[in-house]
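Hi,

Here is the structure I said I would pass on. Have a look at it first, and then read my notes below.

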Amino acid sequence: MRTVRADEYAEFAAARAGHLYRSACLLTAGDTHLAEDLVQETLGRVYVRWGRVSRADNPAAYAQTVLTRTFLAHQRRRSSRERVVEAFPDVPDGGGTDTPLRLTLLQALGRLPAKDRAVVVLRYWEDRSVEETAGAMNASSAAVRTRCTRALGRLRELLGEDIGEYARP
């Protein structure tokens, strides 16, 4: 019986790890090391409760909620945070044409407060509803709508009108 559950969990973790990692990278504004730590902690927490989680309607949504809450808890622990630098270190170009756009968006996301960043990622990257986002963040729907409006306004301020130049081919 335990072997079957362990196999089910291993299959779930292998299928969801990439998606969780991409979401964690957005939540951390490109900090890949912290993103890996968050995913590892998320998968560990899901494993502990796998017996109950596997019977849930949507284990993937549960894992995403755990990731979001783990990220927010990490942000509250100020002593564990590294200092944010003004510019990204030099990174090799992966050959993608959207590198300037991606870096600009990650810098703008990095300037948002943690909860605002979480709302933007959940609503627009994960394509969740207001109610689902509220559930993941332990907040009311009204708080999510307000945060979303303010976060998008702040992103518009940070990105300005020249963001379109990065999206052109």
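(Buried means under 20% relative accessible area, exposed over 50%, and partly exposed in between, with a 1.4 Å probe and protein chains only.) Asp127 sits in the loop between α6 and α7, and has a positive phi of about 55° although it is not a glycine.

Before going on, two notes on where this comes from. This is a predicted model, in which local features need pLDDT of at least 70 and side-chain atom pairs count only at pLDDT 80 or more, while totals for chains, interfaces and linings use all residues. Residues are numbered from 1 along each chain as its sequence is written, and side-chain values use heavy atoms, with hydrogens and water left out.

Now the overall picture. The protein has nine helices and zero strands, so-called by DSSP runs numbered from the N terminus (helices are H or I, at least four residues; strands are E, at least two). Of its 169 residues, 37% count as buried. Take the contacts (heavy atoms within 4.5 Å) between residues at least 6 apart in sequence: 65% of them join residues at least 24 apart.

Ala29 counts as buried, at 10% relative accessibility.

Next, helix α8. It runs over residues 141-159, 19 residues in total, and reaches 27 Å from first C-alpha to last, close to the 27 Å expected at 1.5 Å a residue (the expected span is 1.5 Å times one less than the number of residues). Which residues of α8 are buried? They are Val144, Cys148, Ala151, Leu155 and Leu159. They cover an arc of only 75° around the axis, which puts them on the same side of α8; the arc is that of the directions from the helix axis to the C-beta atoms. As a rule, an α-helix has 3.6 residues a turn, so residues three or four places apart point the same way. The face of α8 turned away from the buried side carries the exposed Thr149, Arg150, Arg156 and Glu157. On the buried side, the packing partners are α5 (99-110), α6 (114-125) and α7. Just after α8, Gly160 takes a positive phi of about 65°.

Two of those partners deserve a word. In α7, you will find Thr133, which is buried with a relative accessible area of 0%. Leaving aside residues up to four places away in sequence, Thr133 touches Val119, Leu122, Arg123, Arg128 and Val144. In α5, the buried residues are Thr99, Thr104, Leu106, Ala108 and Leu109.

Last, the second largest pocket, with a volume of about 170 Å³. (A pocket is an open set of points on a 1 Å grid over the protein atoms alone, where a 1.4 Å probe fits, with protein on both sides within 12 Å along at least five of seven lines; lining residues have an atom within 4 Å of a point.) Where does most of its lining come from? Helix α4 gives the most, with four residues. The lining divides into five nonpolar, one polar and four charged residues, and includes Arg69, Lys115, Met137 and Asn138.

Cheers

Conventions
Points joined across faces, edges and corners; volume = space filled by probe spheres on them. Nonpolar A, V, L, I, M, F, W, Y, C, P; charged D, E, K, R; others polar.
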